[in-house]
Amino acid sequence: MFPIRDHNPSGRTPYVTYALIAINIAVFLITIDQDQSPRALMSFYANYALVPALLSEGYGYPGLITSMFLHGGWMHIAGNMLFLYIFGDNLEDKMGHAGFTLFYLAAGLGAGLIHWLTDPLSIVPTVGASGAIAGVMGGYLLLFPKARVDILIILVLIFRVLPVPAWLMLALWFAMQLIGGWGTSADESGVAYWAHVGGFVVGLALTVPIWLRLGGPRFWTRTHGQPPHPEKAYTFDSSRVPRVQGRQRHTQVPRIRRK
């Protein structure tokens, strides 16, 4: 069950959102190399990923930024870029191109710092844009709580699209991150749950000035929590897709944590 689109069209072309998606994909295609030795990969991650233990020793600060543009696999980057595509354009519309750029980077930095504070001695490299994207989701929740988001539900071979309010989808996602963070030790988890939680909270907080400028509670009263423009309509159909089993090549790679 995951979101595939929202009904909230943007009033301007989201150049920054598109650029961030393009940069992340380009960096992923340049850096992905399954034939690298584990030692070479560990050296790469030590230089460019977020390693909490290095921060605790006073090193590795560039990793707070560079880790936001690295991903650990095809599904990792596909999921992150889908979320950015769905929610990023509307925040960029409200914040402007420069404002959204600063917001995105600040949310990512905040997520990385909170991840470090929750596990300052971890030597596991952390990569991924989802801390910053969680900030985008937090801002979206504040500005468009009742915008409709289409959720794709997969039951065996039946695909079903279900529209739900953004606040419900985002609240469930946030609750899952909290449960994951509390229920799994940092050394055992392959997901940086607290980076997600931190990014979401930081993004929500950074959006408060925009929300107040728009009128705060009066903005919600005027729009009833909906987007302040007509929603985009979609046709909903269920479909059956045959399952194709593909071969996978297994290679030994160093352990990293995804965010």
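The protein chain that I want to walk through today has ten helices and six strands, where helices (H or I, at least four residues) and strands (E, at least two) are DSSP runs numbered from the N terminus. This is a predicted model, in which local features need pLDDT of at least 70 and side-chain atom pairs count only at pLDDT 80 or more, while totals for chains, interfaces and linings use all residues. Residues are numbered from 1 along each chain as its sequence is written, and side-chain values use heavy atoms, with hydrogens and water left out.

Let me begin with the chain as a whole. Of its 259 residues, 44% count as buried, and here buried means under 20% relative accessible area, exposed means over 50%, and partly exposed is in between, with a 1.4 Å probe and protein chains only. If we take the contacts in the protein chain with a separation of 6 or more, residues 24 or more positions apart account for 82% of them, a contact being heavy atoms within 4.5 Å.

Two packed helices are described by the angle between their axes and the distance between the axes. The axes are lines fitted to C-alpha atoms, for helices over the stretch in contact, and the angles run from 0 to 180 degrees between N-to-C directions.

How do α5 and α6 pack? Their angle is about 125 degrees, with the axes 7 Å apart, and that makes α5 oblique to α6; angles under 35 degrees count as roughly parallel, over 145 as roughly antiparallel, 65 to 115 as roughly perpendicular and the rest as oblique. On the α5 side the contact is made by L84, G88, L91, E92 and M95, and on the α6 side by H97, G99, F100, F103 and Y104. By class, this contact of α5 with α6 has six nonpolar, three polar and one charged residues, where Ala, Val, Leu, Ile, Met, Phe, Trp, Tyr, Cys and Pro count as nonpolar, Asp, Glu, Lys and Arg as charged, and the others, Gly among them, as polar.

Helix α6 also packs with α9, at an angle of about 140 degrees and with the axes 7 Å apart, which makes α6 oblique to α9. Among the residues that make this contact are F103, A106 and G110 of α6, together with W194, A195 and G198 of α9. The residues of the contact of α6 with α9 divide into nine nonpolar, seven polar and no charged.

Now to the aromatic rings, of which the structure holds twelve pairs. Rings of Phe, Tyr and Trp (its six-membered ring) pair if their centres lie within 6.5 Å, and planes under 30 degrees apart count as stacked, over 60 as edge-to-face and the rest as tilted. Why is the pair of F100 and Y104 called tilted? The ring centres are 6.4 Å apart and the planes stand at 50 degrees, so the pair is tilted. Both residues lie in helix α6 (residues 97-118), four residues apart, about one turn of the helix. F100 counts as buried at 0% relative accessibility, and Y104 is buried too, with a relative accessible area of 0%.

W182 and W194 form an edge-to-face pair, 6.0 Å centre to centre with 65 degrees between the planes. This pair links distant parts of the chain, with W182 in helix α8 (residues 166-183) and W194 in helix α9 (residues 193-213). Are these two residues buried or exposed? W182 is exposed, with a relative accessible area of 65%, whereas W194 is partly exposed, at 24%.
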